[in-house]
Amino acid sequence: MKKFVEIFLGILTAMGGFVEVGELVFSVNAGAKFGFHLLWVVALGTIGIIAFCEMAGRVAAVKEQPVFNLIRERAGLNAGLVTLVAANLVNLLTCTAEIGGIALLWQLLSGWPYRWLALLALVFLLAVVWILSFQWIERVFGLLGLLLCVYLGAAYYLRPDWTQVAAGFVPNVPRLESSSEYTLFAYFVVAILSSVLLPYEVYFYASGAIEDGWNPSDVNLNRIISIIGSVLGSLLAVALMVCGAQVFRPLGVEPQLPGEAALAASMTFGKAGLLAAIGGMFFAFAGAAIETALSGAYNLAQFFGWPWGKFRPARKAARFSLTWMITFALSALVIMTGVDPVSVVEYSIVFSVVILPFTYFPVLVIARDKELMGEEHANGRFANAVGWFYLAVITLAALAAVPLLIATRGGKG
Amino acid sequence: MKPQHLDIVRQVLDHEVIDSNNVPCGMVDDIELEGRPGEGLRVTALLVGAGAWTKRLPSAFEGLAARLFGTQLTRVPWSEVESVTERVKLRSEAAELGLGGADRKAEKIVGKLPGSG
């Protein structure tokens, strides 16, 4: 029974923790611009995130050691340092985007100035991570993020043409009017892929496995949670895209802000739908902000051998605690300078994909290492094939990301 | 218990160091060896701290890293090593060996906050 509850909670938290501000904005926008034609990218990304989360979780459970410790051991100091710097830059950028997203949502509700709300968000996040245990952070933000399920209902009631939805899952490129439209489509392919495969999810997941005290007997638990949690999580992304296609595409509107995405829910479920959507977004963004800040602190601590973890009293993991606090503070500061939050979201997604190969490659190398993982737990042929395939895919995406960002002038076409 | 054959690069270098209470207190950032050509080579100490690892970076980054992270270096005699598994376990507490100093400094700051445990 206890095991069942653990699996159930794990799946739900993985699902609720799946969506963050970049994914939300890009999914709805992709639906508005290209209808159902980008659904296959969500599916492609989902299999990739499952493969890498499963590997990282398995490594953590089998070795009872977090991934960044092993990256340094196996890749050595210099290559490990490249991974560390890359991963933490993206963590910082993603955390900044999430805090911007929270401030925008609160502005929608209160009308207060955006910058001061970023400061308020900072205070809120610091207090929450300071006070709550790891398990409660996981539960509160994972489960309340499930309010976003309102989009599953909305997608259903908006009566999309289901044969067209299904056709969207087959890799395709729609017939477009101009070459710049095709470039924009390619940009969205890269952005959606990046938003599903954001690297912090993998590292956070593996460190979370240690926080939860996983050991080799949890390898199957890891498999179930990473597969079902990610599939259900990406169902939310699919629903967001369908809502974008049904609500905004006919109007010719390109929703840029998270608040506009909330309209899709309110059109089907009225005020309750609007509140559920905004609430769900808030918990999803705050959850992602917490995950990125903690992930940055985990990575640093594991790389340099500091005591870490929320399971220790903050005083006993002092540098670790200071690191996540500083990450929150820096992120909020960036937002308070008055940068355009939508641009921050765009950049966080595009630069994530640029460094994605650096952060995923070591995970694959370690998970397939029979000497390290043992015959029983090392990657089989299937996991290796999937791993290398996705590494090739994300390397291509990484190479294309910045040229596409420039060619489309930041997705404006 | 030490294994009979120890590959110091694969099994010791860049591994986590834990003290006698199992508290992480750094990484094996470098290894000190002793010996002359034609004689046996002996491991004499583990080197822990930014002063050790920054020297292993490409020379272009060495100076910058040393400025950012400092040059603090602690020498842990090999005789202090109790066991080598995934982690390198020491016989004494971190503070006795001069390890974990930065964490104790940070502890003074974090310890001032209410509810720091």
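Mentor: Let us start with a definition: the expected span of a helix is 1.5 Å times one less than its number of residues. The model to which we apply it is predicted.

Trainee: What makes the reach of helix α10 of chain A close to the one expected?

Mentor: Helix α10(A), residues 199-211, has 13 residues, for which 18 Å is expected at 1.5 Å a residue. From first C-alpha to last, α10(A) reaches 19 Å, which is close to that value.

Trainee: Why is α10(A) described as largely enclosed by the rest of the structure?

Mentor: A residue counts as buried if 20 or more other C-beta atoms lie within 10 Å of its own. Of the 13 residues of α10(A), 13 are buried, so this helix is largely enclosed by the rest of the structure. Just after α10(A), Gly213(A) adopts a positive phi of about 70°.

Trainee: Why are α2(A) and α14(A) called roughly perpendicular?

Mentor: Helix α2(A), residues 21-34, packs against helix α14(A), residues 341-367, at an angle of about 100°, their axes being 9 Å apart. Angles of 65 to 115 degrees count as roughly perpendicular, and the two helices are therefore placed in that class. On the α2(A) side the contact is made by Val21(A), Gly22(A), Val25(A) and Phe26(A), and on the α14(A) side by Val345(A), Ser348(A) and Ile349(A).

Trainee: How do the residues of the contact of α2(A) with α14(A) divide into nonpolar, polar and charged?

Mentor: Five are nonpolar, two are polar and none is charged. Gly counts as polar under the classification.

Trainee: Turning to chain B, why is one side of β2 and of β6 left without a neighbour in the sheet?

Mentor: Chain B has an open sheet of four strands, ordered β2-β1-β7-β6, with mixed pairing. Strands β2(B), 24-27, and β6(B), 81-84, stand at its edges with a single partner strand each, so one side of either has no neighbour in the sheet. From one strand to the next, the twist averages 25°.

Trainee: How do you know that β1(B) and β2(B) are paired?

Mentor: Pairing requires at least two bridges between the strands. Two bridges join β1(B), residues 16-18, to β2(B), and the strands run antiparallel. Glu16(B) stands opposite Met27(B) of β2(B).

Trainee: What shows that β6(B) and β7(B) pair?

Mentor: Three bridges connect β6(B) with β7(B), residues 88-90, in the antiparallel sense, against the at least two that pairing requires. Val81(B) has Leu90(B) in β7(B) as its bridge partner, and a hairpin of three residues joins β6(B) to β7(B).

Trainee: Which elements supply the side of chain B that touches chain A?

Mentor: The contact involves 24 residues of chain B and 22 of chain A. Each of β1, β2 and α4 (101-110) of chain B supplies at least two residues of that side. The largest share, six residues, comes from α4(B). By class, the side of chain B that touches chain A holds twelve nonpolar, six polar and six charged residues.

Trainee: How many helices and strands does chain B have?

Mentor: Chain B contains four helices and seven strands, in the pattern α-β-β-β-β-α-α-β-β-β-α along the sequence. Its C-alpha atoms fill a box of roughly 60 × 40 × 20 Å along the principal axes. Of the 117 residues of chain B, 27% count as buried.

Conventions. Residues numbered from 1 in each chain as written. Chains lettered and ligands numbered in written order. Predicted model: local features only at pLDDT ≥ 70, side-chain atom pairs only at ≥ 80, totals over all residues. Buried ≥ 20, exposed ≤ 12 C-beta atoms within 10 Å, placed from the backbone. Axes fitted to C-alpha atoms, helices over the stretch in contact; angles between N-to-C directions. Contact = placed C-beta atoms within 7 Å. Parallel < 35°, antiparallel > 145°, perpendicular 65-115°, else oblique.
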